[in-house]
Amino acid sequence: MPPKITHLYLKPKHSQPMQAVPTATAETNKGLVGDTHHGVKKRQVLFVEKETLDEFGLAPGQVRENVTVIGIKLAGLPAGTRLQVGDALFEVTDDCAPCELIESIRPGLRTAIEGRRGTWGRGVSGSEVKVGDEVGVVEEERQGAD
């Protein structure tokens with residue numbers, strides 16, 4: 001089975017609950033329309049692997065990710081790596097460091113999930129994304145390669 005989106009969430013305002021949605025619109029250089037991180041510079045969309053959630057006994061959306069994926073390892077991808085998500089393209093900006101929210105879910109979780117809390121990305125090319133869309137790392141051609 002190819003890697004794919006299992007869940008999509010938007011957070012309309014800071015400190016508000018995540019809202020599960022079947023589709024979302026990704027905008028170039030802005031992220032997901034209707035999400036509080038829409039338009040910020042680097043941390044526009046948070047991706048997390050369902051396998052990580054399962055390992056730590058967490059429900060999709062519980063770590064406040066926008067996109068839950070299955071079948072692909074995203075944690076630790078270098079900044080600049082491009083992800084094809086349905087017809088949209090995202091660029092990895094960095095890993096998400098666990099915060100107090102994570103510790104409030106379960107004491108000790110912040111330390112346990114270090115390096116696997118999620119991967120931040122920014123929109124490179126916009127399109128609608130939906131639950132079930134395939135996700136993959138885009139292999140870019142190296143400039144000047146023989």
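The legends below describe close-up views of a predicted model.

Residues are numbered from 1 along each chain as its sequence is written. Because the model is predicted, local features need pLDDT of at least 70 and side-chain atom pairs count only at pLDDT 80 or more, while totals for chains, interfaces and linings use all residues, and side-chain values use heavy atoms, with hydrogens and water left out.

**View A. Arginine 116 and glutamate 55 are joined by a salt bridge.** A salt bridge is taken here as a side-chain nitrogen of Lys or Arg within 4 Å of a carboxyl oxygen of Asp or Glu, and a search of the whole structure finds seven of them. In the pair shown, the closest N and O atoms of arginine 116 and glutamate 55 are 2.8 Å apart. The pair connects distant parts of the chain, 61 residues apart, with arginine 116 in the loop between helix 3 (109-112) and strand 9 (119-125) and glutamate 55 in helix 1 (residues 50-55); helices (H or I, at least four residues) and strands (E, at least two) are DSSP runs, numbered from the N terminus. Arginine 116 is partly exposed, with a relative accessible area of 27%, whereas glutamate 55 is exposed at 52% (buried means under 20% relative accessible area, exposed over 50%, and partly exposed in between, with a 1.4 Å probe and protein chains only).

**View B. Arg82, Glu91 and Arg122 are linked in a network of salt bridges.** Glutamate 91 meets arginine 82 at 3.4 Å, N to O, and its closest N and O atoms with arginine 122 are 3.3 Å apart. The pair of glutamate 91, in strand 8 (residues 88-95), and arginine 122, in strand 9, links distant parts of the chain, 31 residues apart. Glutamate 91 counts as buried at 18% relative accessibility, and arginine 122 is also buried, while arginine 82 is partly exposed, with a relative accessible area of 22%.

**View C. Three strands form an open antiparallel sheet in the order 4-3-10.** Two strands are said to pair if DSSP finds at least two bridges between them. Strand 4 (31-32) and strand 10 (127-130) stand at the edges, each with a single partner strand, so one side of each is left without a neighbour in the sheet. Strand 3 (residues 23-27) and strand 10 run antiparallel and are joined by four bridges, and threonine 23 has lysine 130 in strand 10 as its bridge partner.

**View D. Serine 15 lies in the loop between strand 1 (4-10) and strand 2 (19-20).** Serine 15 counts as exposed, at 72% relative accessibility. The C-alpha atoms of serine 15 and glycine 31 are separated by 19 Å, the two residues being 16 residues apart along the chain.
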